Amino acid sequence: MTVAPFRLGMLIPEFPTQTHAFFWREITALRAAGVEVHVFSTRRPVEDCPHEWAERAASETTYLYPPRLSSALVSPRDFPGMAQALAYIARLSVGAKQKARALGMLACAVDLLHYARERKLDHVHGHSAADAAHVLALCRLLGGPRYSFHLHGDLPVYGTDHGAKAWDATFVAAAARPMQRQLIEDAGLAAERTYTLWMGVDTDRFQPPAKRAEDPRGLHLVSVGRLHLCKGHVHTFSGLRKALDRGLKAHMTVGGRGPHEKEIREAVARFGLESHVELVGPLGEAAVMELLHRADAFVLSSVGLGEASPVAVMEAMACGVPPVCSIIGGTPDMIEDGTDGLLVAQEDEEGLANAFLRLGQDRALQERMSRAARERAVRTFDYRETSRRLLDAIQESRAPRRQAA
């Protein structure tokens, strides 16, 4: 993948954090293809990022909040755009408090406008359909570059006024097909202005081990992600308890941190799993790979809204670890049930127990699913391919307007 010289801005909220590895991979792939990528973020993250590339990523990121004092200076040529931007805010279907907050977004949009002009950016792509999308839309009204943005979960999670955010977006991408349907059916976007574009995984780095040893403690389940109740840890623990009570030998390692760690630890105790479940905290990429090399299955039993096409599942499949996932977001598109993983209904603790028993009692099935999961990841989830699709979408969406100019 090589391209003509192209200056791309990438706007990622609170970058970098623990869950942003796929964004850094995408930036790396685009740069390798010859794209000049300038990274922006709304503000510095509150939490530390455990990945080895975090310090470099932060040093290369331009943070829009708080905005520079110089951004308060708007040139006369920008006055019409400022009037349109203020009208945009006035039309938002939110209360006075949220509109006042949007004025802060406008200040960030002015700052982004100045940076875009200084760096001669051709396009800006945002990895959020929430406030960052407002910043992009406002920047465009002020006279900034063309833009697009990515929806990474169910539309209601990302606020309101999605049609306003997309008023002049060259396209809006969704990280899973159900989210693309929401953009069309709920936000009213024309189908030709939407894409389903997954994030990706480095399948050269995330590989199966040369030999996966059998664990004397039985089936080794692994989960890596935010410690949030929406990730379904409690349902996983209930399913594990049921499987253990039916004779399964198994244990589980849980990586990550989050706001509900206390509740999740309490659930471990409530189900009597202290000797079967270990919480190991946040993990960098190297530690995640080491853990996946010791895993027999990856578990993601998320519930509710917000999940799209989980990159943690892609990483597991790339390492030859079959996933056990709830049917949520894009997981039915990622996993062929019974071939390269197992799907269960949300909150189906009996279904989780049966999945654990099935894998734990059939080593040959584990091995077949392991091979199929790896093949699926290489074929579909490699970050170079997913980054190429994003770049193709950006260039294709811009082409008609360039020709008409």
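Pro66 lies in the loop between strand S3 (61-63) and helix H3 (79-91). Helices (H or I, at least four residues) and strands (E, at least two) are DSSP runs, numbered from the N terminus. A cis peptide bond joins Tyr65 to Pro66, with omega about 0 degrees. Phe15 and Pro16 are also joined by a cis peptide bond, and omega there is about 0 degrees. Pro16 sits in the loop between strand S1 (6-11) and helix H1 (21-32).

This is a predicted model: local features need pLDDT of at least 70, side-chain atom pairs count only at pLDDT 80 or more, and totals for chains, interfaces and linings use all residues. Residues are numbered from 1 along each chain as its sequence is written, and side-chain values use heavy atoms, with hydrogens and water left out.

**Backbone and burial**

Asp161 has a phi near 60 degrees, a positive value in a residue other than glycine. Its place is the loop between strand S5 (146-151) and H6. Glu347 is not a glycine either, yet has a positive phi of about 65 degrees. Glu347 lies in the loop between strand S13 (342-344) and helix H13 (349-360).

How exposed are these residues? Buried means under 20% relative accessible area, exposed over 50%, and partly exposed in between (1.4 Å probe, protein chains only). The table sets out several residues by this scale.

| Residue | Relative accessible area | Class |
|---|---|---|
| Asp161 | 17% | buried |
| Glu347 | 53% | exposed |
| Gly232 | 1% | buried |
| Cys319 | 0% | buried |
| Cys325 | 1% | buried |
| Phe171 | 1% | buried |
| Tyr195 | 23% | partly exposed |

**Cysteines**

How many disulfides are there? A disulfide is a pair of cysteine sulfur atoms within 2.5 Å. By this rule the count is zero. Cys319 is in no disulfide; its nearest cysteine sulfur belongs to Cys325, 15 Å away. For Cys325, the closest cysteine sulfur is in Cys230, at 14 Å, which is too far for a bond. Cys319 is buried at 0% relative accessibility. Cys325 is buried too, at 1%.

**Rings**

A pair of aromatic rings is described by the distance of the centres and the angle of the planes. Here, rings of Phe, Tyr and Trp (its six-membered ring) pair if their centres lie within 6.5 Å; planes under 30 degrees apart count as stacked, over 60 as edge-to-face and the rest as tilted. The structure holds six aromatic pairs. One of them joins Phe171 and Tyr195 edge-to-face, 5.2 Å centre to centre with 85 degrees between the planes. This pair links distant parts of the chain, 24 residues apart. Phe171 is in the loop between helix H6 (162-165) and strand S6 (172-174), and Tyr195 is in strand S7 (residues 194-196). Phe171 is buried, whereas Tyr195 is partly exposed.

Ring pairs also link Phe15, Trp24 and Trp53 into a cluster. Phe15 is the residue joined to Pro16 by a cis peptide bond.

A charge sits over a ring if NZ of Lys or CZ of Arg is within 6 Å of the ring centre and within 35 degrees of the ring normal. Arg68 lies over the face of Tyr115, at 3.7 Å from the ring centre.

**Cavity and pocket**

On a 1 Å grid over the protein atoms alone, a cavity is a set of points where a 1.4 Å probe fits but cannot get out, and a pocket is an open set with protein on both sides within 12 Å along at least five of seven lines; lining residues have an atom within 4 Å of a point. Grid points are joined across faces, edges and corners, and a volume is the space filled by probe spheres set on the points.

The count is one cavity of 30 Å³ or more. The largest cavity has a volume of about 50 Å³. Its lining is Ser223, Val224, Gly225, Arg226, Lys231, His233, Val299, Leu300 and Ser301. Leu300 is 7.3 Å from Gly232, C-alpha to C-alpha, although 68 residues separate the two in sequence. Gly232 is in the loop between S8 and helix H8 (233-245).

The second largest pocket holds about 210 Å³ of space. Its lining residues include Pro208, Asp296, Gly320, Arg363, Glu367 and Arg374.
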